[in-house]
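This report walks through one protein model. Look at the structure first, then read on.

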Amino acid sequence: MLDAVSSLGRWVREYIANVGFATRMFFALLGASGRALRRPRLVTDQIHFIGNYSLVIIAVSGLFVGFVLGLQGYYTLNKYGSEQALGLLVALSLTRELGPVVSALLFAGRAGTSLTAEIGLMKAGEQLSAMEMMAVNPLERVVAPRFWAGVIAMPVLATIFSAVGVIGGYIVGVKLIGVDEGAFWSQMQDGVDVWKDIANGVLKSVVFGFAVTFIALFQGYEAQPTPEGVARATTRTVVIASLTVLWLDFLLTALMFD
């Protein structure tokens, strides 16, 4: 019994310490962002690294999600004679939920793990310590450009995911099954609101970009400077980021679509 209480107390203490360290790092990161953004080349290079290298998996996944939505949506709507609303179903599903959420999960698995491993290896190789010895702030030079690159790249990737998904639904619904093309697009245009649906989806992706990118960078920054420590930090990034995205999605959906 005493061992269980001791283990619980140790876990609570470590958890509170990690929350405090993450909070201090977040505000320090925001403070260093102004100086980092004065060198936009650092941010654009990271946008290319994070966004461009994630583009293929985002586009391919969006296409197949659109295929599945078109197929399953038609089977469901056909029971009620409403297959002409297939375009509206696909568009709303992607812009409101699947586009931001699935893109964020893929982003965490592809770009988030890469950021964690990169920062963790720099820490293990004492490159961050070397920067501090040369009076270079690692948050300003290394972490902040990657943070803002992730925040910028995430909504762009989510938008591409949704757009490609709509094309996938169009291919299955109109070209393969035979839903009327005019009804597919007209129902979509009439039912999808730019501000209520598309803008809220973009806002979700921005919030997910903040959360996933910071979690990835924080896990890499606090990783143990060993190969095992970096591996564990990479695993924690995927787990924590995925759970955070799903929790934030529920919270934002409850606030946006009340």
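Arg96 counts as partly exposed, at 24% relative accessibility. Here buried means under 20% relative accessible area, exposed means over 50%, and partly exposed lies in between (1.4 Å probe, protein chains only). The side chain of Arg96 meets that of Asp197 in a salt bridge, with 2.7 Å from N to O. Asp197 lies in helix H8 and Arg96 in helix H4, so the pair ties together parts 101 residues apart in sequence. Asp197 counts as buried, at 2% relative accessibility.

The model is predicted: local features need pLDDT of at least 70, side-chain atom pairs count only at pLDDT 80 or more, and totals for chains, interfaces and linings use all residues. Residues are numbered from 1 along each chain as its sequence is written, and side-chain values use heavy atoms, with hydrogens and water left out.

## The overall fold

The protein has nine helices and zero strands. Helices (H or I, at least four residues) and strands (E, at least two) are DSSP runs, numbered from the N terminus. The C-alpha atoms fill a box of roughly 65 × 55 × 30 Å, taken along the principal axes. Of the 258 residues, 43% count as buried.

Side chains of opposite charge can pair when their charged atoms come close. A salt bridge here is a side-chain nitrogen of Lys or Arg within 4 Å of a carboxyl oxygen of Asp or Glu. The whole structure holds six of them.

One joins Lys204 and Glu97, whose closest N and O atoms are 2.7 Å apart. This pair links distant parts of the chain: Lys204 is in helix H8, Glu97 is in helix H4, and 107 residues separate them. Lys204 is buried, at 0% relative accessibility. Glu97 is partly exposed, at 25%. Asp249 joins Glu97 and Lys204 in a network of salt bridges.

Another salt bridge pairs Glu222 with Arg236, at 4.0 Å between the closest N and O atoms. Glu222 lies in the loop between H8 and H9 and Arg236 in helix H9, so the pair ties together parts 14 residues apart in sequence. Arg236 is partly exposed, at 31% relative accessibility.

## The largest pocket

A pocket is an open set of points on a 1 Å grid over the protein atoms alone, where a 1.4 Å probe fits, with protein on both sides within 12 Å along at least five of seven lines; lining residues have an atom within 4 Å of a point. The largest pocket holds about 690 Å³ of space. Its lining has 18 residues, and Val19, Ala22, Phe218, Gln219 and Ile240 lie nearest the centre.

Helices H1 (2-37), H8 (194-221) and H9 (227-256) each supply at least two lining residues. H1 gives the largest share, eight residues. By class, the lining has eleven nonpolar, four polar and three charged residues.

## The second largest pocket

The second largest pocket has a volume of about 260 Å³. The lining divides into ten nonpolar, five polar and no charged residues.

Terms used:
Grid points are joined across faces, edges and corners, and a volume is the space filled by probe spheres set on the points. Ala, Val, Leu, Ile, Met, Phe, Trp, Tyr, Cys and Pro count as nonpolar, Asp, Glu, Lys and Arg as charged, and the others, Gly among them, as polar.
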